[in-house]
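Good morning, colleagues, and thank you for coming. I would ask you to look at the structure on the screen while I go through its main features.

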Amino acid sequence: MKILVCISHVPDTTSKINFVENDTQFDTQGVQYIINPNDEFGLTRAMWFKEKSGASVDVISVGTAETEATLRKALAIGADNAIRVNATARDAQQVAKEIDAVMQENSYDLVIAGRESIDYNGGMVPGMIAALTGMNYLNNCIGLEIEGNQATAIREMDGGKETITSPLPLVIGAQKGLVEESDLRIPNMRGIMMARKKPLTVVEPTQEGQQVQTVSFEKPAPKGAVKLVDPENIDELISLLHNEAKVI
Amino acid sequence: MDFKLSEEHKAVQQAAREFAKTRLLEGVIERDSKMIHPSEQVAEMGALGFMGIMTSEKYGGSGMDALSYVLALEEISKIDASAAVIMSAHNSLALWAIEAYGSDTQKETYLTPLAQGKNIGCFCLSEPEAGSDASMQRTTAEDKGDFYLLNGVKNWITNGGKADYQLVIAQTDPDKKHRGINAFIVEKNWEGVTVGPKEDKLGIRSSDTHSINYTDVKVPKQNRIGADGFGFKLAMQILEGGRIGIAAQALGIAAGAYELSANYSTIRSSFGKPIADHQAIAFKLAEMAMDIEAARMLVYRAAYLKDSGEPYGYASAMAKLKASDVAMKHTVEAVQIHGGNGYVKEYHVERLMRDAKITQIYEGTSEIHKIIIARNIRRGELALPI
Amino acid sequence: MSVLVYAESENGQLKKIALELASFGKAIADQLNTNLVAVTINCDNNDLLGTYGVNEVLATSYQGDFNAQQYAAILSEAAKSKEAQTIAVSSSADSRFLAPLVAVALDAGYVTNVVGAPISSNPFQVKRSVFTNKAFSVSEITTQAKMVGLSKNAFGVHENPTTATITNFSPAGVTSDMKVTTLDKATDTVTIADAEIVVSGGRGLKGPENWHLIEDLANTLGAATACSKPVSDMGWRPHSEHVGQTGKPVASNLYIAIGVSGAIQHLAGINSSKVKVVINNDPEAPFFKAADYGVVGDAFEVVPKMIEKLKSFQAENA
């Protein structure tokens, strides 16, 4: 089985979000980049398939040279090959089309991408890859088993979950639950050394268009100070929620 | 001159940071207060390759350089200085000596399981009446022809209770003074080896410190490291490298306290603004940042010299002296910045303050390091900026 | 040229998010000076959409379980038949599932997490949340066909009464070899996604045995229950309740956090909630900086009192 894991290079979850250039660019100063957490849940499940059934795992990212450190981490965790499409990610459909172009050259049985990235939160790339390649697709995936050519996956819905069967090839949108946080792997020292020697192929982009562009960014308006209510006076809290906030 | 870490070095640093945050942080307060050894975490450090980080891959190690070692120790020490000293004593004392001077058989038998983290090692040099002065060994290893007969007591041995293999320094020929000293690999299970009770310490409390008694322990000849009489020289070399580990630990303790303080002072407000905006606190943070950066440069450079195959004895002495002083000074400041919160365990800084103190004492006290640096000056070795 | 919305229903009844989406669609249709078409699937109360400004309902009957490929095909066909160039969907799990398929089929630029009516219709610019609610961006869709995903509770439900024409719509379906084998949907509890009020518990509750406090308060308020990351990590509560950056986002009207310290990742996940209340015995907990109302006190004393007071409040206002 050949697995492709799509990796987005995103600011660490604890990063302070600021903008520069007249609020048109994200301020990368002092920001630590990580593998998008939803992608990492998917990568970890892919490692499990690699160890259990000898699947090969490739990772791909659409991004400039800075994203290579993130791809190297995926290699250190155990991916076999990395592919970087040498383009700035502009919008979801461009990213999906670049990945589709790479997939024309290499076929995969399973494509895993995070449900959404934690920076732009689009939540579109896995579905768009499926639509472009004509593969089956399932999002919010919290469980995945594969027997031969048949996948059994669990999808989280609003207020429940469903089990879905699908033949391969399949694209899934990964999220927490596919593996647990405690299953996430820290690359070991040997993995870091080996990652240096594993292939990281840079391919040139094929897409030119752009469908969505960011005009500007803004930060939420600072909120007023919290109104503190005495624990002995819960009536006041209820009155505030009813009369002032009008939420009960 | 290039001050940038390579991608691999950054990856090691990030892996260690992730390990410390996800595996060591939880329970660190309880392990400290109840003196619980982080055995599970140490096993994981073995699996990640931290327990043989500089040992060559041939013997199951990770084959990384001293700078990687320093970066990993710094990150681990920020969260759990006890785990760091377990790693440091194991790597730079026990493993390094066996790899550098051990026989092939010794490497196969002992180094491989140690480097894979399956077994723990310790270094037994200090004695109740001989701390920093390694030439005054009262432990004896009498040459009995087929074996050595080992007798004596070793004190304050890091990893003493958990170590399966001990690197023991003992006097074979008192007439030859320090030239009569030898180093041996001793197995914990041999007859006559008795591990004393765990020490109840001020800091690094979840690390495992014991005295070890040797009573008529028969040590096979092939367990001596190097030629007869090489023990003192070996011990000195071990300490030279070991200092880099302790310097990195001290640096990590200081940096951990600094990170906690910088964060706390933006969250905690007094007189209507975050305390970081009060000059009294802002200046403390500025001095902390500067001193830690200075210590970091010394520590990284000592590792760099070692990796380049250049003499690093004076550099590791300076790094250890500076980093441990910075750790002590600024962990005290960190408690001060935290105020009442700093005095309780929940905020971590009081533990770092207690942990810092040992870095001025073990593997050569601050005073000994001044002597070492001064000797280098007298020999003219520090005449030129390097 | 119409504006098209996908109005979701459950058990034949339109969901509240469908009414919000219709209201939102109406605002766009007004901006573009065109009519509003809604697509429904297995819906029995299509007439109701007229109240919210829908001019025409394309009512589809569909056999079987939800299938994103087939639903996406219905929507794409509807958009094509109505020559709709602006398509709006909600942020429900189902809509987020099928929308990327529609976007590719229509070659539409698609923006999710939109927080209000378009800022301008030409160029077509919308405001959306990014960085997991830590910021907003103004995004411009430059394609002819445009898709927007509306964040829950971002626009509100607004009446614009008109009479909706109901047309039966039976597009040629697509086949799918994906099959639902089991469906496990809670029917009696309020879900985090649908809830107006969410009551969330953190490590301060000390153990799963104390969760009755959270549940009792939630029941009193008709709220969904949620939890912080450490709580789900420790297995006190299921992952489906974990709220935050790597968990579920919450966009409720009222969010009550009990014994939750308010790590930055948690706060990011609840930022879209309108009113936030924190109950915590640590006045230094970062949550107090993010909350509108706060009680510094022991949850084990405050929560029972709150339940009691709420019950008498509800009795008085019944």
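Setting aside neighbours within four places in sequence, Ala323(B) is in contact with Ala247(B), Ala250(B), Leu251(B), Ala254(B), Ala295(B), Leu298(B) and Val299(B). Please bear in mind throughout that this is a predicted model.

To what does Ala323(B) belong? It is among the residues with the most contacts inside the largest nonpolar core, together with Val5(A), Val70(B), Ala254(B) and Val299(B). That core has 299 residues. Its largest share, 17 residues, is supplied by helix α7 of chain B, residues 231-267. Another core lies apart from it, with 6 residues, among them Ile17(A), Tyr120(A), Val130(C) and Phe131(C).

I turn now to the contacts that chain A makes, beginning with chain B. How many residues does each chain bring to this contact? Chain A brings 12 residues and chain B brings 16. On the side of chain A, two helices each supply at least two residues, namely α2 (68-77) and α5 (189-197). The greatest contribution to that side comes from α5(A), with 5 residues. Sorted by class, this side of chain A holds 7 nonpolar residues, 1 polar residue and 4 charged residues.

Next is the contact between chain A and chain C. Here 61 residues come from chain A and 71 from chain C. Several elements of chain A give two or more residues to this side, including α3 (92-105), α4 (125-133), β14 (212-218) and α6 (234-244). Which strand gives the most? That is β11(A), with 8 residues. By class, the side of chain A that touches chain C comprises 29 nonpolar, 21 polar and 11 charged residues.

Strand pairing also links these two chains. Strand β14(A) is joined by 6 bridges to β10 of chain C, residues 135-141, and the two strands run antiparallel. Within this pairing, Phe217(A) has Ser137(C) as its bridge partner.

Let us follow the strands of chain A itself. Strands β9(A) and β10(A) run antiparallel and are joined by 6 bridges. Gly143(A) stands opposite Ile154(A) of β10(A). The hairpin of these strands has 2 residues between them, and Gly148(A) takes a positive phi near 55°. Strand β10(A) also pairs with β11(A), again in the antiparallel sense, over 8 bridges. In this second pairing, Glu156(A) stands opposite Lys161(A) of β11(A). The hairpin of β10(A) and β11(A) has 2 residues between the strands, and Gly159(A) in the turn has a positive phi of about 80°.

Finally, I come to chain C. Which domains does the assignment give for this chain? Domain 1 covers 3-168, and domain 2 covers 197-317. The C-alpha centres of these two domains of chain C lie 32 Å apart. Their contact takes 7 residues from domain 1 and 7 residues from domain 2. On the side of domain 1 that touches domain 2, there are no nonpolar residues, 5 polar residues and 2 charged residues.

To close, I would return to the strand β11(A): it pairs with β10(A), and it gives the most to the side of chain A that touches chain C. Thank you for your attention.

Terms used. Residues numbered from 1 in each chain as written. Chains lettered and ligands numbered in written order. Predicted model: local features only at pLDDT ≥ 70, side-chain atom pairs only at ≥ 80, totals over all residues. Contact = placed C-beta atoms within 7 Å. Helix = DSSP H or I, 4+ residues; strand = E, 2+ residues; numbered from the N terminus. Nonpolar A, V, L, I, M, F, W, Y, C, P; charged D, E, K, R; others polar. Pairing = 2+ DSSP bridges. Domains from an automatic or database assignment. Core = buried A, V, L, I, M, F, W, Y, C linked by C-beta atoms within 7 Å. Buried ≥ 20, exposed ≤ 12 C-beta atoms within 10 Å, placed from the backbone.
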